[in-house]
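Please consult the sequence and coordinates shown here.

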Amino acid sequence: QVQLVESGGGWVQAGGSLRVSCVASGLAFNRAAMGWFRQAPGKERAFVAAISGIFSSGTPVANSVKGRFTISRDNAKNTVYLQMNNLTPEDTAVYYCAGRGESWPSLKSTEYDYWGEGTQVTVSS
């Protein structure tokens, strides 16, 4: 059974930084593309960033966070990270970790097979 468990969310003032983590179990992690999505109140779930598995390449990032957010992974720890810098109130959302059975890092939520329960990030002005 695949499990994705996020951690590291919380409250931060605008301009601050947070790093959220996602530990995966039950899947061939090094082969899996991993992604981060977010959902703000009243809005649809949106792509944030993704990172390829070993059979592909690329780390696509949404334009809204480009230059501020960085995705990375540690295959030895089955963990994917999202480093978020220069946060703004518009970044307030529940952040979800997602994984897929292929290495190509899709931007589409429908192409991910596994999801975590999410971690809340709140940025105050």
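Predicted model: local features only at pLDDT ≥ 70, side-chain atom pairs only at ≥ 80, totals over all residues.

Q: What makes Cys22 and Cys97 a disulfide?
A: Their sulfur atoms are 2.1 Å apart, and the criterion is a separation within 2.5 Å. The pair therefore qualifies as a disulfide. Cys22 belongs to strand S3 and Cys97 to strand S8, 75 residues apart.

Q: Why is the disulfide of Cys22 and Cys97 called left-handed?
A: The torsion about its S-S bond is about -75°, so the disulfide is left-handed.

Q: How do you know whether Cys22 is buried or exposed?
A: The relative accessible area of Cys22 is 0%, and buried means under 20%. Cys22 is therefore buried.

Q: Why is the pair of Phe37 and Trp115 called tilted?
A: The ring planes of Phe37 and Trp115 stand at 55°. Stacked requires under 30 degrees and edge-to-face over 60, so the pair is tilted. Phe37 lies in strand S4 and Trp115 in strand S9, so the pair ties together parts 78 residues apart in sequence.

Q: What makes the pair of Tyr112 and Trp115 edge-to-face?
A: The angle between the planes of Tyr112 and Trp115 is 65°, and edge-to-face applies over 60 degrees. The pair is therefore edge-to-face.

Q: Why is Trp115 called partly exposed?
A: Trp115 has a relative accessible area of 29%. Buried means under 20% and exposed over 50%, so Trp115 is partly exposed.

Terms used. Residues numbered from 1 in each chain as written. Heavy atoms only, no water. Helix = DSSP H or I, 4+ residues; strand = E, 2+ residues; numbered from the N terminus. Buried < 20%, exposed > 50% of the residue type's maximum accessible area, 1.4 Å probe, protein only. Phe/Tyr/Trp six-rings, centres within 6.5 Å; stacked < 30°, edge-to-face > 60°.
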